[in-house]
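Q: I'm new to this one. Can you put the structure up and walk me through it?

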Amino acid sequence: MALVLQAYTFAQQYVNSCLHPTPTKSPMALRLGVISSAQINAAAVIHPVETHPDVILYSIASRDVQVAQQAAKKYNFRKAVGSYQELLDDPDVDIVYISTPNGLHYEWSAKALRAGKHVLCEKPFTSNAEEARKLVGLAKEKNLICEEAFHWQFHPAAHLFRQILESGQYGRILRTDAIMTASPGVPDGDIRWQFELAGGSMMDMTYALSFTRYALRDAKLKDIQTATARPYKQDKRVDEAMHSLLLFEDSRDSHLIQSRVYTDMSRKWIINKIVPRMWELPSIEVETDKAIIYFYNAMMPHLYHYIAISDKMTGKTEYKKQYDGGPCWGEAWTTGGKGGKSYWSTYRYQLEAFTHKVRGKDVPYWIPGEESIAQMEVIDAIYQAAGLPVRPSISTKA
Ligand SMILES: NC(=O)C1=CN([C@@H]2O[C@H](COP(=O)(O)OP(=O)(O)OC[C@H]3O[C@@H](n4cnc5c(N)ncnc54)[C@H](OP(=O)(O)O)[C@@H]3O)[C@@H](O)[C@H]2O)C=CC1
Ligand SMILES: O=C1OC[C@@H](O)[C@H](O)[C@H]1O
């Protein structure tokens with residue numbers, strides 16, 4: 001389903017970029033360089049940039065210059081180059097988006113920082129926690145931005161979800177249950193199946209853990225009760241699926257919270273294997289003292305989402321949604337907030353925050369580097385608990 005959603009996002013973004021024509025660009029607009037010709041580029045940055053007045057599509061790099069030229073022609077980049085380093089050597093590039101396979105995130109983010117560029121790096125941030133620590137340290141040393149592109153966290157629906165959990169109205173969080181599955185599954189040959197490129201369901205579908213840690217905010221991981229991987233048939237080091245039960249300690253009163261995190265890159269179909277589970281969108285359920293709170297489609301809430309709050313005492317369910325404004329972005333016309341637009345994707349909200357951060361302005365929402373480190377530490381711990389190797393560092397040159 002995640003792949004279908006992704007395809008739908010591409011289409012939606014395309015329609016939106018037509019319906020909402022390119023604004024006049026600032027003469028000093030930030031010049032974006034894109035590293036790789038990945039499929040996700042269009043949805044994640046290209047279309048968001050088209051509707052952003054302070055960023056232009058400046059340069060795209062591919063290992064194959066012809067591929068870069070095709071992408072540049074299709075999306076109106078000013079330049080196309082045949083090596084990632086050539087893009088980084090260009091003094092006119094201000095900000096860089098990195099969409100290489102996971103295993104190369106660290107290498108190219110580090111090289112971009114060393115070249116003096118601000119970085120928006122795809123999720124998962126790095127191959128492992130050690131790389132994450134080094135990258136965050138390097139960004140601090142260079143006084144540059146290096147942000148993990150966990151786009152969903154920038155959307156107003158995510159902020160409403162957190163506000164509901166932290167309102168105190170529903171009591172303490174007792175347990176969480178987050179899933180992300182692909183049905184139809186990820187095709188063989190995809191980068192997500194390659195161990196050396198830091199593949200695996202826990203890495204690719206790291207959203208399920210992100211939903212969990214976001215809901216629990218400052219809770220500390222106390223224990224991994226169980227972690228069971230279903231190995232990929234062609235490489236047993238790669239988790240086709242991962243079922244984990246984590247134990248967190250609440251930062252306020254130290255009570256324990258049990259969190260189930262389930263990721264699956266090859267979810268079984270139902271009814272004699274003829275119906276893919278199209279409805280099984282990345283989601284999280286949170287049980288509190290007083291309610292069950294369910295955030296449906298937390299990964300791409302701009303397409304569709306709801307937050308259902310079921311009262312344990314009355315059995316009544318209340319539904320909420322938030323496509324713009326909300327607790328962080330505010331309503332531009334009433335609170336002086338930035339508001340956002342209801343047609344903005346998670347990626348467009350993310351770009352808005354990223355550019356503001358680069359410009360040194362206040363941002364409605366941000367993911368500190370320490371968060372990305374903590375996320376990678378939990379992923380490493382899950383792999384270890386499941387008896388699988390932590391994803392390797394292949395970028396020794398960075
Ligand atoms: N935020 C989101 O919603 C999403 C994020 N992602 C993340 O984005 C990244 C890219 O994913 P996706 O778009 O599916 O990737 P693709 O497989 O479509 O593209 C990856 C690109 O990386 C480059 N590359 C460099 N080295 C290699 C290598 N050894 N093998 C393969 N490709 C290589 C290639 O570009 P070239 O040949 O031009 O150099 C390739 O086109 C991943 O980290 C993934 O987790 C993915 C999907 C959605
Ligand atoms: O980040 C992602 O979001 C969409 C998924 O289909 C994809 O596997 C993942 O990389």
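Q: Okay, how do E12 and E13 pair?
A: In the antiparallel sense, over 6 bridges. Strands pair here if DSSP finds at least two bridges between them. The labels are DSSP runs numbered from the N terminus: helices are H or I with at least four residues, strands are E with at least two.

Q: Which residue in E13 does Ile-292 stand opposite?
A: Ser-310.

Q: Before I go on, where does all this come from?
A: This is a predicted model, where local features need pLDDT of at least 70 and side-chain atom pairs count only at pLDDT 80 or more, while totals for chains, interfaces and linings use all residues. Residues are numbered from 1 along each chain as its sequence is written, and chains are lettered from A and ligands numbered from 1 in the order in which they are written.

Q: Thanks. How do E11 and E12 pair?
A: Also antiparallel, over 4 bridges. E11 and E12 make a hairpin with 2 residues between them, and Glu-285 sits opposite Tyr-294 of E12.

Q: What order do the strands of that sheet come in?
A: E8-E9-E10-E7-E11-E12-E13-E14, which is 8 strands in an open sheet with mixed pairing.

Q: Why is one side of E8 and of E14 left without a neighbour?
A: Strand E8 (220-232) and strand E14 (317-320) stand at the edges with a single partner strand each, so one side of each has no neighbour in the sheet. From one strand to the next, the twist averages 15 degrees. Angles run from 0 to 180 degrees between N-to-C directions, with axes as lines fitted to C-alpha atoms, for helices over the stretch in contact.

Q: And how many bridges join E8 to E9?
A: 11, in the antiparallel sense, with E9 covering residues 235-249. Pro-231 has Asp-239 in E9 as its bridge partner.

Q: Which strands does H12 lie across?
A: Helix H12 (residues 369-385) lies across E8 and E9, at about 60 degrees to E8. Contact means that two residues have C-beta atoms, placed from the backbone, within 7 Å.

Q: How far does H12 reach?
A: Its 17 residues reach 25 Å from first C-alpha to last, close to the 24 Å expected. That expected span is 1.5 Å times one less than the number of residues.

Q: Which H12 residues are buried?
A: Among them are Ser-372, Gln-375, Met-376, Ile-379 and Tyr-383. Buried means 20 or more other C-beta atoms within 10 Å of a residue's own, exposed means 12 or fewer, and partly exposed is in between, with C-beta atoms placed from the backbone. What covers the buried residues of H12 includes helix H9 (207-216), E8 and E9.

Q: What about the other sheet, what's its strand order?
A: E3-E2-E1-E4-E5-E6, an open sheet of 6 strands with parallel pairing. Strand E3 (79-81) and E6 are its edge strands, each pairing on one side only. Its twist averages 20 degrees from one strand to the next.

Q: Which strands does H2 lie across?
A: Helix H2 (residues 41-50) lies across E1, strand E2 (55-61) and E4, at about 165 degrees to E1.
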